[in-house]
Amino acid sequence: IGTARTKLVVADDEPLIEARKNARTNHRGAPSQYEVDLESKNGDRIPVEVSLSQIEYEGDTAFVSFCRDITERKEREQKLEHARKRSRELFENAPDGMVIHDDDGEIIDTNRQTVDHLEYDREELLSMNVTDYHVEGSRRYWNQMKVGETRKIEREHERNDGSIIPVEIRVSKIVIRGKPRFLALTRDITDRKRQERYLEKAQEIGNVGWWRKKIPSDQIYWSEQVYDMWGVEKESGLLTHERFLEFIHPDDVTRIERAWDAALGGEPYDVEHRIITADGETRWMRQQAEIVFEDGEPVSATGVVRDITVQKQRETELSRLRYQFEQFSE
């Protein structure tokens, strides 16, 4: 009782209290609710929310202040601000290009990697639509997505200098402040595409193809070279194991099944077998594969296929000649 009001607040906030008291006294208007830090007797700093009301007290004008301790709220706000800054740092310094856009494709935010990738100024990008730099800009692949859904696609981006770059995009539909938004992560796959072209060329020269299989879902992906080697038209969608067996010579199906079962048990997968091409030709193939296990369970496999028809023909011819020689020797 009788203590000056400024004695209750920290020194940093004393000028603020005096300025608002003077404004209120001179009828210039001052906020009736604001935040200051009080200082306790032992020197602790306590953030409070002050709500001020004018009243009549013993015949004079007076003010009553309601002070609410907002320490916990301030701590939550500080943690939230720290999380926001951390998220922004991660967003800004992510190794992949990141763009947030609306359902019309208008860019809302982007990071440094995207700026470097497309060679536009950030301000320019924030005034653009993602279709402006998509080579296939008219195809809005996100239109049918649901909240929480993520899609992975490959596209081409046109940079500011007109050069074209192949990219892999992972786009997710999210909600920000109650509005649907799309977060697109973009990765330059120029090197990967170059390596794939080299691999395809090597496969073409060496007559070698490759395949991948997701074991739980039983889906198989063939390279272009496998389709060519097997004389089969590329089919839409992914192959299944049952569909694969339809190409195998009937006399070799059991051998392949046994080799695959053994591989699932940890044995090397290395099998020679015949196929029947679309035009009825019988050819020999050799397949080798490596199976990936997680927690002891097979999850995927990657294999190579070589056409060994010529080799088999030579072996057959060599056997014939050896037999003739043995007969002549007797």
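Visitor: Welcome me in: which pLDDT is needed for local features here?
Guide: Residues are numbered from 1 along each chain as its sequence is written, and side-chain values use heavy atoms, with hydrogens and water left out. As this is a predicted model, totals for chains, interfaces and linings use all residues, side-chain atom pairs count only at pLDDT 80 or more, and local features need pLDDT of at least 70.

Visitor: How many aromatic pairs does the structure hold?
Guide: Happy to start there: rings of Phe, Tyr and Trp (its six-membered ring) pair if their centres lie within 6.5 Å, with planes under 30 degrees apart called stacked, over 60 edge-to-face and the rest tilted. By that rule, the number of aromatic pairs in the structure is 8.

Visitor: How far apart in sequence are the parts that Trp142 and Phe182 tie together?
Guide: Trp142 and Phe182 form a tilted pair, 6.3 Å centre to centre and with 50° between the planes. Helices (H or I, at least four residues) and strands (E, at least two) are DSSP runs, numbered from the N terminus. Trp142 belongs to the loop between helix H4 (122-125) and strand E6 (150-158), while Phe182 is in strand E8 (residues 179-188), so the parts tied together are apart in sequence by 40 residues.

Visitor: Which residue lies over the face of Trp284?
Guide: A charge sits over a ring if NZ of Lys or CZ of Arg is within 6 Å of the ring centre and within 35 degrees of the ring normal. One such case is Arg20, whose charged end sits over the ring of Tyr34, 4.5 Å from its centre. Over the face of Trp284, at 4.6 Å from the ring centre, lies Lys312.

Visitor: Within what arc do the buried residues of H1 fall?
Guide: Helix H1 (residues 14-25) has 12 residues and reaches 17 Å from its first C-alpha to its last, close to the 16 Å expected, where the expected span is 1.5 Å times one less than the number of residues. Its buried residues are Ile17, Ala23 and Arg24. The arc is that of the directions from the helix axis to the C-beta atoms. These residues line one face of H1, because seen down the axis they fall within an arc of 130°.

Visitor: On the other side of H8, which residues are exposed?
Guide: The buried residues of H8 are Ile256, Ala259, Trp260 and Ala263, and they fall within an arc of 100°, so they line one face of the helix. They pack against E9, H7, strand E12 (269-276), E13 and E14. On the other side, the exposed residues are Arg258 and Asp261.

Visitor: Which side chain is joined to that of His117 by a polar contact?
Guide: His117 is in helix H3 (residues 112-118) and is buried, with a relative accessible area of 13%. A polar contact is a pair of N or O atoms within 3.5 Å; within protein, one must be able to donate a hydrogen and the other to accept it, and residues adjacent in sequence count only if both atoms are side-chain atoms. At 3.3 Å, the side chain joined to that of His117 belongs to His157.

Visitor: What is the phi of Asp295?
Guide: Asp295 lies in the loop between strand E13 (282-294) and strand E14 (297-307). At 83% relative accessibility, Asp295 counts as exposed. Although Asp295 is not a glycine, its phi is positive, at about 55°.

Technical notes
Buried means under 20% relative accessible area, exposed over 50%, partly exposed in between (1.4 Å probe, protein chains only). Contact means heavy atoms within 4.5 Å.
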